[in-house]
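Have the structure open as you read.

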Amino acid sequence: YTADPAPMVYGDTLYLYVTHDEDELLNDFYTMYDWHCFSTKDMVNWTNHGKIFSLDDISWAEDRAWAPQCVERNGKFYLYCPVHKKDGGMAIAVGVSESPTGPFKDLGYPLVDEGDWNYIDPTVFIDDDGQAYIYWGNPKLYYSKLNDDMISLNGDIQVTDLSHGFAPNEEESKYTEGPRIHKRNNKYYMLYASHGVPEKLSYSVRDSPTGPWTWGGVIMDQGNGTAFTNHPGLIEVKGRSFLFYHNQKNVSGGGYSRSTAVEEFTWNADGSIPFIKSTDNGV
């Protein structure tokens, strides 16, 4: 079982980084120890690269190998992963590799660690001017600039509260978790899981990577086999646009046994993201 998809295009290949729900649950909760990678050149034929990073590689972590994202800079690949620390709380680890499929080596310390249980689901973005940003959080969206080394923060941690103010009512614009930032035509799109549990997928948009964000709308609703959580991964590759997400349609699937899916879509003429249905085949 795989979930929390984070696609990355490098060269002529799309790499997909996912979490891994174990077949057997412990304590009726997410049982997740490692991260896996798949790749494709045509969105049809996929290569399974297996486990590329795990809790065993992070000496200071003990549990919760949750939603990652990988980015490339200057020939190195940086895998940002939320984990549960041995002494309590969630923090963000970074694995570094010379290859998009690993092996990844942990820094030996957390990049972000405030002793906060809400520090999860990092998304990282390098703007056209070379400035990198990292965003994360539940139930608020935190962010910071990154230095060029991609493994240290540049300035203080900021917070953008996406829980109100951008839609006709608060409930319709409620940020929950799982952010994914995407830039297109000089607009910044922040996709995220919304509306609490069960989660929808929504987005907000702005002409700056730091907001303030304007409500865009719901892009995927509950239903047709979606899990009670969801996680967006928008990517444009070879002139086509895709939304990755997860559902519970695999054999014996459920809220803690999820499966990655993808839908192709076409942007609206005004630059907005359309409502995207979770289909039966999911690919």
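Start with β1 and strand β2 (residues 13-20), which pair in the antiparallel sense over seven bridges. Strands here are DSSP runs (E, at least two residues), numbered from the N terminus, and two of them pair if DSSP finds at least two bridges between them. Within this pairing, V9 has L14 of β2 as its bridge partner. As a reminder, strands of a sheet pair through backbone hydrogen bonds, either parallel or antiparallel.

A word on the ground rules: this is a predicted model, where local features need pLDDT of at least 70 and side-chain atom pairs count only at pLDDT 80 or more, while totals for chains, interfaces and linings use all residues. Residues are numbered from 1 along each chain as its sequence is written, and side-chain values use heavy atoms, leaving out hydrogens and water.

Now widen the view to the sheet. Four strands form an open sheet in the order β1-β2-β3-β4, with antiparallel pairing. Its edge strands are β1 (2-10) and β4 (46-54), each of which pairs on one side only.

The C-alpha trace spans about 45 × 45 × 40 Å along its principal axes.
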